[in-house]
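Here is a short report to read beside the model. Keep the sequence and the 3D view open while you go through it.

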Amino acid sequence: MAVAVAVAVAAAAARVWGSSRGLGQAGLLLRRSAARGLARSLPQRQEQQHFPSLDDKPQFPGASAEFIDKLEFIQPNVISGIPVYRVMDRQGQIINPSEDPHLPQEKVLKLYRSMTLLNTMDRILYESQRQGRISFYMTNYGEEGTHVGSAAALDNTDLVFGQYREAGVLMYRDYPLELFMAQCYGNVSDLGKGRQMPVHYGCRERHFVTISSPLATQIPQAVGAAYAAKRANANRVVICYFGEGAASEGDAHAGFNFAATLECPIIFFCRNNGYAISTPTSEQYRGDGIGRGPGYGILSIRVDGNDVFAVYNATKEARRRAVAENQPFLIEAMTYRIGHHSTSDDSSAYRSVDEVNYWDKQDHPISRLRHYLQSRGWWDDEQEKAWRKQSRKKVMEAFEQAERKPKPSPSLLFSDVYQEMPAQLRKQQEALARHLQTYGEHYPLDHFEK
Amino acid sequence: MAALAAAAGGLLRLRAAGAEGQWRRLRGAGLLRVLVQPDSATGFAAQRRHVAHFTFQPDPEPQEYGQTQKMNLFQAVTSALDNSLAKDPTAVIFGEDVAFGGVFRCTVGLRDKYGKDRVFNTPLCEQGIVGFGIGIAVTGATAIAEIQFADYIFPAFDQIVNEAAKYRYRSGDLFNCGSLTIRAPWGCVGHGALYHSQSPEAFFAHCPGIKVVVPRSPFQAKGLLLSCIEDKNPCIFFEPKVLYRAAVEQVPVESYNIPLSQAEVIQEGSDVTLVAWGTQVHVIREVASMAQEKLGVSCEVIDLRTILPWDVDTVCKSVIKTGRLLISHEAPLTGGFASEISSTVQEECFLNLEAPISRVCGYDTPFPHIFEPFYIPDKWKCYDALRKMINY
């Protein structure tokens, strides 16, 4: 009886653990029981689980591949690396006509105007921080192509999770200048109710999830949103932007792995702009950029981020397949951060002016697209001059208006912590109101609504 | 052949039951006694492993929610999850090992019933589990995330504190993740040591924007969990793991809610207020009996239930009546949630206090293994503190 049980246990173990040596284990158990004087004759062999050609293929649950009898470490291919897909050369000429997306004139002009309007807004708001009018700002110089190229390839209802340097996506989706400014000024028109630092935009209507400062936290969140979209049969993709620095965070690893294992319709869009504040890519990673997608089982591509058509094509195809096949895609858009990290940064401390100038003058998404437009006869110097004047005027008007508006009522300090206000918090709100009645003169109440 | 199949099945079930085997010893907790057999060779008595430090007291069968069924705490959790997935088609459950039923069997049967797209395993990554759950909730779907032990919630701390808690506030209510609930087994279990015994509620109590809830029993667990799932704010629901099998009572089969942020006075009294949550409620209940029997002291026993936002009014009302307050929790003393209660009560009820507020808590050490019987704030320590308060 004990022996039968021992054999049964061994066979069960074999099935559970996948080992082909079940009987060997039974033999061991038998020898042990023999030692205790319980030896019995071996009962008939139990049936072997059928494994096809056990000697030829590994049977590990973790990976099957093939056997190899030569000791060889896989060399990470960093020298040649993943090639950079592009459609236009640096002068805006289409290289391979079959890759030209043949976007209609209106659409290409919209791409151009979005990038340039963003650029103009960046210049004015950066200046306004320098003059002490807003507390903080981050420019998008050099990366405008990554924003609009990808935004143009999406549906308007596709959900966007960004990091903080994707204002062009909102610009492309026609987020009004007034609201950009309102958020930066934290004035009464800010949809975010003045709660966050400048450039932490959000817009429910335009499906742009509010930006938060912690890096890469949006990555697993975007994956969850994509999973929900898949379950809802929403025919919707989620796009998740992040920089190459944020891709080092644990949350990025988590997000990639979840997206692949849970089969989510998501586009991971990495803006590899060469720097994470002062940290160059050589100190950020040692593999081939963010081409670590295949390591997770994710279809990946590297594109020229300063080529709006390359960005557009890659995003368009990724979107189509992500939704159709319910799997993630990773796009690494190579670009360059022409501006400082933020108004709190002076990048001359860690890189040369020459390097910056090269990108500004020789390989800029705006100028490349302008060359394309001009070569098609869709744009000229007259229009350029007029548009510059017009966009500057629009921005200045919005800016002056934003400055004049009051800030929201200080009572809004307390709402939205929960959907309903807890009793303890209401007490604190009342305490502040009473405090201001007595000490109000020491607070900037004049700038705030009642 | 049948024996083989049975044995194989048995092994699989054992593997599935995993942690369960150890809990069998806790069945009928309170009825076990330590068997001390003198061993003449070494001089040390051979001790039967573990005696529970509490006796679970079931509440009377609830009348107002329809048909009830005998359930232990993990079954009550399963029932709540079952009700949720039945009435909310967007609801999904995910985490490590939830597909086969979970290491504590809280999700048994749900994948078969609701499908693999609704009850599924994730990779082993708590920050991913919570981040993923936030994302689901942002779209408006209901996300029920499981963290395998509260001790492992810390990789997700950033997502919980910096993201989930602040989602609504920072976006000006444009976005929120209110339909996220995070569940995790919590508290001491007799042998869990540093990493299977923690009660981390104090870390989260300091975080406006989330709710933190701890039930004391199966009936409470189901009603509170359903409230957390339906609540429009992200909630953390800590389940006292030692009660998973040890706590058994009649629980309604249908859905019902127990309100959040409402403490429950489970026993009225006039001389001392005792406050606790989770397993410790049963300890202080016993302390109340001891106080009545040995000292003639009448205790008011309060189960706090929701740690954040907590029910200040019920506790203060009680202390105004009794004049004495004792708070007890397993988590370490310094910075434990008893400090918050103590501080608020002395602000609100200073002139009503007859004695300093007493906190009987775990020591300021990591949770030890072999020393657990000495570490935990058991009934003798609570009784002793109560006696000193009465004699103050």
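Predicted model: local features only at pLDDT ≥ 70, side-chain atom pairs only at ≥ 80, totals over all residues.

**Chain A: strand β3**

Start with strand β3 of chain A, residues 238-243. Six of its six residues are buried, so β3(A) is largely enclosed by the rest of the structure. Buried here means under 20% relative accessible area. The side chains go two ways. A:Val238, A:Cys240 and A:Phe242 point one way from β3(A). A:Ile239, A:Tyr241 and A:Gly243 point the other way, and all are buried.

β3(A) pairs in the parallel sense with strand β2 of chain A (residues 159-161), over three bridges. In this pairing A:Val160 stands opposite A:Ile239. Strand β4 of chain A (residues 266-272) also runs parallel to β3(A), and six bridges join these two strands.

**Chain A: helix α7**

A:Ala228 sits in helix α7 of chain A, which spans residues 218-231. Is A:Ala228 buried or exposed? A:Ala228 counts as buried, because its relative accessibility is 11% and the cut-off for buried is under 20%. A:Arg351 is 123 residues from A:Ala228 along the chain, and their C-alpha atoms are separated by 43 Å.

**Chain B: the seven-strand sheet**

Seven strands of chain B form an open sheet. Their order is β5-β4-β6-β7-β9-β8-β14, and the pairing is mixed. β5 (119-121) and β14 (306-308) of chain B stand at the edges. Each has a single partner strand, so one side of each is left without a neighbour in the sheet. Neighbouring strands of this sheet are turned by 20° against each other on average, direction ignored. Inside the order, β4 (residues 92-95) and β6 (residues 143-146) of chain B run parallel and are joined by four bridges. B:Ile93 stands opposite B:Ile144 in β6(B).

**Chain B: the five-strand sheet**

Another open sheet of chain B has five strands, in the order β11-β13-β12-β15-β16, again with mixed pairing. β11 (264-267) and β16 of chain B stand at its edges. Each of these has a single partner strand, so one side of each lacks a neighbour in the sheet. The twist averages 25° from one strand to the next. β12 (residues 272-276) and β15 (residues 325-332) of chain B run parallel, with three bridges between them. B:Leu274 stands opposite B:Leu326 in β15(B).

**Parallel strand pairs**

Strands pair through backbone hydrogen bonds, either parallel or antiparallel. The table lists the parallel pairs described above.

| Strand pair | Chain | Bridges |
|---|---|---|
| β2 and β3 | A | three |
| β3 and β4 | A | six |
| β4 and β6 | B | four |
| β12 and β15 | B | three |

**Chain B: a nonpolar surface patch**

Which residues form a nonpolar patch on the surface? They are B:Ile370, B:Phe371 and B:Phe374, with about 390 Å² of accessible area together. B:Phe371 lies in the loop between β16 (358-362) and α14 (372-375) of chain B. B:Phe371 has a relative accessible area of 52%. It counts as exposed because the cut-off is over 50%.

Terms used. Residues numbered from 1 in each chain as written. Chains lettered and ligands numbered in written order. Heavy atoms only, no water. Patch = residues over 30% accessible without salt bridge, like charges linked within 9 Å, V, L, I, M, F, W, Y side chains within 5 Å. Areas by Shrake-Rupley, 256 points an atom, 1.4 Å probe, with all protein chains shown as cover. Salt bridge = Lys/Arg side-chain N within 4 Å of Asp/Glu carboxyl O. Buried < 20%, exposed > 50% of the residue type's maximum accessible area, 1.4 Å probe, protein only. Pairing = 2+ DSSP bridges. Axes fitted to C-alpha atoms, helices over the stretch in contact; angles between N-to-C directions.
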